[in-house]
Structures are given as C-alpha cells and as structure tokens.
Amino acid sequence: MVLKKNIAVSDSGFLFNPATGDSYSLNETGIAFLRLIQNGQSDDQIIAQVAAEFDIDAITIEKDLSDFKSNLVRFKLTE
C-alpha cells in the first residue's frame with residue numbers, strides 16, 4: 001500500500017490531505033500504523049512491531065490494521 005505523496009502527518013497524529021482540504025486525527029496506534037506503512041513494512045512486520053510497542057494481542061492488531069487500511073482507501077489517501 002502506498003500513501004499519496006502530498007499527505008502531511010504531524011507527530012501528534014494530525015493528518016492533512018492538501019488535495020482535498022480534509023484532515024483527520026490519529027491515535028497512537030494509528031500513527032504507528034501510518035509510519036510503518038510509509039516505511040514499506042509488511043503487515044506481519046507491522047503487527048509484530050505494534051504488538052511489542054503497545055502490548056496488544058496480534059489478533060486485535062491484525063483486525064485494527066485491516067480496518068485502518070480500509071479507511072485509508074475509503075478516504076482516498078492511497079495511490
């Protein structure tokens with residue numbers, strides 16, 4: 001999955017799409033997902049890293065990651 005190049009994300013989780021003017025607020029897990037996706041990590045790598053960082057079970061992370069990626073597509077934030 002590739003995010004649009006013009007998407008801006010602050011360290012506090014504020015995501016801005018300058019093409020549409022839409023903005024979104026991400027929680028800590030969302031920020032981690034987004035950064036790892038931007039770095040080209042696989043789903044398995046993202047799940048392992050988020051599980052280690054946030055003490056969340058892998059099944060929950062897998063579902064949350066799937067939902068997160070679906071929202072990125074739905075909000076037209078991907079290429």
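Which backbone nitrogen does a side-chain oxygen of N27 reach at the start of α1?

1. This is a predicted model. At the start of α1, the N27 side-chain oxygen comes to within 3.2 Å of the backbone nitrogen of T29. After the helix comes G40, with a positive phi near 80°.

2. Helix α1 covers residues 28–38. Eight of its 11 residues are buried, so the rest of the structure largely encloses it. Among the buried ones are G30, I31, F33 and L34. Their cover includes β1 (8–9), β2 (14–17), α2 and α3 (58–74).

3. Helix α2 (residues 43–54) packs against α1 at an angle of about 145°. The axes are 10 Å apart. The crossing is right-handed. From α1, the contact uses E28, T29, A32, F33, L36 and I37. From α2, it uses I46, Q49, V50 and F54. Seven of these residues are nonpolar, two polar and one charged.

4. The salt bridges number three. One joins R35 to D11, with the closest N and O atoms 3.6 Å apart. R35 is in α1 and D11 in the loop between β1 and β2, so the pair ties together parts 24 residues apart in sequence. R35 is partly exposed at 28% relative accessibility. D11 is exposed at 73%.

5. Another salt bridge pairs D43 with K69, at 2.6 Å between the closest N and O atoms. It links helix α2 to helix α3, across 26 residues. D43 is partly exposed, at 35% relative accessible area. K69 is buried, at 18%.

6. K63 and D67 also form a salt bridge, 2.8 Å from N to O. Both lie in α3, four residues apart, about one turn of the helix. K63 is exposed at 52% relative accessibility, whereas D67 is partly exposed at 35%.

Conventions
Residues are numbered from 1 along each chain as its sequence is written. This is a predicted model: local features need pLDDT of at least 70, side-chain atom pairs count only at pLDDT 80 or more; totals for chains, interfaces and linings use all residues. Side-chain values use heavy atoms; hydrogens and water are left out. Axes are lines fitted to C-alpha atoms, for helices over the stretch in contact, and angles run from 0 to 180 degrees between N-to-C directions. Helices (H or I, at least four residues) and strands (E, at least two) are DSSP runs, numbered from the N terminus. A crossing is left-handed if the near helix is turned anticlockwise from the far one by less than a right angle, and right-handed if clockwise. Contact means heavy atoms within 4.5 Å. Ala, Val, Leu, Ile, Met, Phe, Trp, Tyr, Cys and Pro count as nonpolar, Asp, Glu, Lys and Arg as charged, and the others, Gly among them, as polar. Buried means under 20% relative accessible area, exposed over 50%, partly exposed in between (1.4 Å probe, protein chains only). A polar contact is a pair of N or O atoms within 3.5 Å; within protein, one must be able to donate a hydrogen and the other to accept it, and residues adjacent in sequence count only if both atoms are side-chain atoms. A salt bridge is a side-chain nitrogen of Lys or Arg within 4 Å of a carboxyl oxygen of Asp or Glu.
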